[in-house]
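Let's take a walk through this protein chain together. Have the sequence and the 3D view ready.

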Amino acid sequence: MRRSRSAIDPSADALRTFISEVRRRWMVALALRTAGLACLLAAVPLAAAGLLVRAYTPRGALSIGMALAAIAGAIAMLLLALRRHRRRPTDEATARYIEEQSVALGRGGLDDRLVSAVQAAALAPAAPDAFGRLVIEQALERVADLPPHSVVTRGDIRRCALRGTAGVAALAAALAFAWPALAGAMLAARLTLFPGTIVVSVQPGDVRVVAGRPLSIAASVSGVGDEALHGLDAFLVVSATGEQRKVPMVRDGARYQFAFESVDRSFAYNVVAGGVESPSHTVTALFPARIHRIELEYEYPRFSGLPSRVDKDGG
């Protein structure tokens with residue numbers, strides 16, 4: 001059967017109220033400080049990833065591995081900071097913290113009176129005996145000039161809030177700095193795992209060109225999230241007479257271009273972007289007809305009596 005409020009000793013109830021209010025303010029300050037520290041620690045591996053990407057420009061699997069390491073490091077730092085965060089302190093731990101703060105604030109030591117009072121209240125939660133009530137009342141007298149807001153002041157909470165805000169700002173800045181690394185890794189993973197979601201289109205495709213004329217080849221990369229695909233490098237792969245050559249294409253807005261000043265032979269080509277290849281196409285060089293020699297054969301009528309003859313290399 002639950003005890004009524006009136007059955008609870010007023011001094012014990014006042015002590016518990018005091019302890020609970022100090023603990024609430026203490027936990028708010030600790031939570032804000034821990035959040036700031038956790039965000040600050042998580043920002044370190046992300047910022048390191050951003051620096052490495054700018055220094056070495058990793059591609060493919062290396063880019064994916066670097067991003068995964070940065071994310072794992074950030075999560076590990078968050079968990080490490082959160083594990084160090086105090087769980088809800090007991091009444092006795094809170095009382096000891098108040099006694100330490102009393103000394104730090106120059107209010108004098110409480111000589112374990114508050115801790116003893118909490119222990120006495122815990123022995124008889126509803127109605128302590130005479131000695132326990134005396135211990136509790138003496139402790140309340142000693143902390144009468146030590147209200148909860150003086151143990152954990154607004155200034156303390158404000159400073160912890162500033163630390164928390166600074167940590168969140170540092171994490172946001174690190175995420176923005178590391179975004180090229182993370183975006184590149186996501187694109188590399190997409191190209192590796194789902195290459196069919198990206199299409200490389202080429203123009204003019206199969207074409208016939210008069211030899212000696214210029215030719216421009218254009219390519220575009222399309223798929224879900226086209227803006228991210230614009231960061232890919234594209235290469236033109238040309239095959240002719242058993243040889244193959246790979247040359248970079250020039251980015252022109254959302255397209256890639258490569259210009260031949262003069263087509264001097266037929267060749268096959270395709271475009272590669274981010275490991276995804278376009279279909280192969282053929283450029284056929286057309287050469288104008290040339291007369292290398294003229295050979296004439298003469299057949300005379302019978303009545304002329306002239307024999308047939310052949311003129312070689314004539315004209």
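Helices (H or I, at least four residues) and strands (E, at least two) are DSSP runs, numbered from the N terminus. Keep in mind that this is a predicted model, where local features need pLDDT of at least 70, side-chain atom pairs count only at pLDDT 80 or more, and totals for chains, interfaces and linings use all residues. Residues are numbered from 1 along each chain as its sequence is written, and side-chain values use heavy atoms, with hydrogens and water left out.

So what does the chain hold? You'll find eight helices and twelve strands in it. Its radius of gyration, taken over C-alpha atoms, is 42 Å, well over the 20 Å that the globule rule (2.2 Å times the number of residues to the power 0.38) gives for 315 residues, so the chain is more spread out than a compact globule. Along the principal axes, the C-alpha atoms fill a box of roughly 160 × 45 × 25 Å.

Leucine 79 sits in helix α2, residues 60–84.

Which element gives the most to the lining of the second largest pocket? That's β5, with four residues. The lining (residues with an atom within 4 Å of a pocket point) divides into seven nonpolar, three polar and four charged residues. Here Ala, Val, Leu, Ile, Met, Phe, Trp, Tyr, Cys and Pro count as nonpolar, Asp, Glu, Lys and Arg as charged, and the others, Gly among them, as polar.
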